[in-house]
Amino acid sequence: MKEKLIVGIDFGGTKIKFGVVTESGEILGKEILIPTESHKPADEIANAFKQGINLAVKSANLNLDNIDGIGIGSPGPLDLDNGIILKTPNLPSMENFPLKQTIKDSFNLPVELNNDANCFVLGEAFFGAGKDKPIVCGVTLGTGFGCGIVIHHKLYTGATGTAAEVWNSPYADSHFEDYGSARTVVRMYEQKTGKKLESKQIFQLAEQNDQNAIDAFAEFGTNLGRILAIMVNILDPDVFIIGGSVANSWKYFHNELTGNLFSIINEYPRKHLKVFKASLGDNAGLLGAAALHF
């Protein structure tokens with residue numbers, strides 16, 4: 001049987017990444033990057049999709065007849081049943097835009113659409129740190145707190161498509177996102193020093209042995225471990241994968257994360273669960289979007 005070839009698309013607020021992906025996770029040719037220009041009308045952004053798809057296929061030395069489908073990972077919230085982008089703060093002109101049908105009409109190919117956090121976890125489950133594991137959970141930690149669940153290579157999205165939308169779940173005096181994202185590191189460092197820096201700058205200070213920066217990441221790891229423990233006790237996954245921009249600082253928080261996580265979860269998961277940093281880097285979303293067809 002011929003191997004499927006899928007155009008995977010990672011749709012972000014600042015850029016859109018395209019690539020032709022094989023069932024083994026190889027990206028053929030080069031990835032194509034096009035600015036989103038989110039201030040433009042929805043139809044113009046949709047035209048950028050069409051341009052990027054054609055360029056990705058050309059880069060792979062293929063034509064559209066060789067392509068079996070298109071997969072898109074997009075910021076949410078989404079109407080998954082109808083393939084519509086709902087009200088996404090970073091994409092104001094795309095509100096209620098039927099992206100799935102628009103692309104399907106343009107290329108006459110099967111199109112799948114899901115949210116970017118789900119696609120990140122799906123990519124890692126197929127091709128990355130969760131490969132060959134039956135139950136994979138993951139979080140992508142940047143300015144927000146995204147989460148996804150993959151069971152036997154299929155996304156679990158729940159009855160209404162909002163499974164794993166846990167960012168606003170209560171925790172301490174706020175919610176998960178306030179204690180499990182880059183804003184946590186920023187807040188912890190500001191409390192210690194009176195200085196408000198970006199998490200990337202705090203990471204650079206940690207690299208220079210700044211103790212306040214190191215302590216800020218440690219406190220972040222402590223809270224993240226406690227947050228993930230709640231999820232592990234509910235879902236009992238084989239592996240939990242940590243991705244997103246904050247994961248670049250893994251060495252400064254993973255001991256606190258795992259120490260707190262494993263001290264809280266139940267006995268049998270404590271012996272079984274693996275916790276890994278994501279392994280696919282910036283391509284996880286693109287690969288996961290393609291894997292919506294696999």
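Biologist: How covered is β1?
Modeller: Mostly covered: 6 of its 7 residues are buried, where buried means under 20% relative accessible area and exposed over 50%, with partly exposed in between (1.4 Å probe, protein chains only). Strands here are DSSP runs of E, at least two residues, and helices are runs of H or I, at least four, numbered from the N terminus.

Biologist: Before we go on, what kind of model is this?
Modeller: This is a predicted model, where local features need pLDDT of at least 70, side-chain atom pairs count only at pLDDT 80 or more, and totals for chains, interfaces and linings use all residues. Residues are numbered from 1 along each chain as its sequence is written, and side-chain values use heavy atoms, leaving out hydrogens and water.

Biologist: Thanks! Which way do β1 and β2 run, parallel or antiparallel?
Modeller: β1 and β2 run antiparallel, joined by 7 bridges; strands pair if DSSP finds at least two bridges between them. The two form a hairpin with 3 residues between them.

Biologist: And β4?
Modeller: β4 runs parallel to β1, with 5 bridges.

Biologist: What does D10 pair with in β2?
Modeller: K17 is the bridge partner of D10 there, while in β4 D10 stands opposite G73.

Biologist: Switching to α1, what do its buried residues pack against?
Modeller: They pack against β1 (5-11), β2 (15-22), β3 (27-35), β4 (69-74) and α2 (99-107), with contact meaning heavy atoms within 4.5 Å.

Biologist: Which exposed residues are on the face turned away?
Modeller: D43 and K58 are the exposed residues carried on the face of α1 turned away from its buried side.
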